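Biologist: I am new to this structure and would like a close look at a single part of it. Please take me through it slowly.

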Amino acid sequence: MNNHSTRTSDFILLGLSSNPQMQKPLFDIFFIMYLITMVGNVLIILVIHFDSRLHTPMYFFLSNLSFMDICFTTVIVPKMLVNLLSETKTISYVGCLVQMYFFMALGNTDSYLLASMAIDRLVAICTPLHYDVVMRPRRCLFMFLGSCTISHLHALFRVLLMSRLSFCASHVIKHFFCDTQPVLKLSCSDTSSSQIVVMTETLAVIVTPFLCILFSYLRIIVTVLRIPSAAGKWKAFSTCGSHLTVVVLFYGSIIYVYFRPLSMYSVVKDRVATVMYTVVTPMMNPFIYSLRNKDIKRGLKKLVCKVHS
């Protein structure tokens with residue numbers, strides 16, 4: 001089957017489980033998780049929008065992270081829910097590439113926003129007197145737009161690379177969405193060069209914000225350890241706790257899934273790890289950032305009072 005015929009055919013998304021008895025329970029679980037993700041992240045955005053005291057760089061990035069999480073999850077979960085109740089479980093060739101594009105673009109934007117938030121904490125803790133100058137609104141907007149631009153260019157490059165492949169044998173994708181590794185496994189083209197390009201380019205795009213986060217926290221740790229009082233150290237570290245938790249959840253699963261050769265790809269393990277950063281992390285973010293954040297709690301109470309008044 002050549003490229004032309006592949007483009008006019010469908011892929012079959014195997015999903016999380018091929019057991020018919022598991023389809024309805026899985027639908028219920030992921031539908032509830034999707035609703036929680038939507039409600040939680042929308043609340044974060046509304047709280048930040050309506051509370052003027054939260055119009056700061058940290059909450060600017062947090063509101064954009066919540067918006068990206070909404071979009072990121074919506075690219076994957078609704079199609080997965082439809083397939084759980086469907087007999088066919090198909091996705092068109094073009095639909096697969098479109099899903100792959102937005103998945104990568106939004107996922108990478110998330111990682112760059114996490115890096116921007118790490119820089120914000122670095123400036124706030126290490127050079128607090130220069131915070132307003134360094135993290136001025138125009139620069140924050142530039143950081144956000146730069147994150148979006150780099151991520152979309154990365155996604156476009158990857159999708160154009162995938163569109164050059166031929167698929168001659170099975171069209172069954174052993175995953176619940178069109179991810180790079182399971183689609184590469186189906187190709188009858190020589191994917192060795194594609195794998196090298198994908199790995200190299202992924203290292204450049206994903207590792208850059210990760211190294212930025214790592215460097216920021218190393219600087220923060222060094223600065224905090226110089227604080228003489230234990231209370232001062234705890235106060236400084238507590239401002240980073242929520243962000244660091246999200247970083248560990250997000251990057252831990254991503255590193256496991258993507259930074260391995262294609263020969264080490266494991267269907268079951270990769271599905272579980274992918275669920276972590278595509279569904280669980282976006283759902284947990286609002287709770288992680290609100291449960292230990294007095295500003296968000298105060299803003300939430302203010303929003304509730306405004307709705308009831």
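This is a predicted model: local features need pLDDT of at least 70, side-chain atom pairs count only at pLDDT 80 or more; totals for chains, interfaces and linings use all residues.

Modeller: Residues are numbered from 1 along each chain as its sequence is written, and side-chain values use heavy atoms, with hydrogens and water left out.

The cap is asparagine 19, which has a side-chain oxygen 3.0 Å from the backbone nitrogen of glutamine 21. Helices and strands here are DSSP runs numbered from the N terminus (H or I, at least four residues, for helices; E, at least two, for strands). Helix H2 covers residues 20–50, and its 31 residues should span 45 Å at 1.5 Å a residue, which agrees with the 46 Å between its end C-alpha atoms; the expected span is 1.5 Å times one less than the number of residues.

Turning to the strands, strand S1 (residues 10–13) is joined to S3 by two bridges, and these strands run parallel; leucine 13 has isoleucine 173 of S3 as its bridge partner. Strands pair if DSSP finds at least two bridges between them, and the resulting open sheet of three strands has the order S2-S1-S3, with mixed pairing. Its edge strands, each pairing on one side only, are S2 (90–92) and S3 (172–173).

Key. A polar contact is a pair of N or O atoms within 3.5 Å; within protein, one must be able to donate a hydrogen and the other to accept it, and residues adjacent in sequence count only if both atoms are side-chain atoms.
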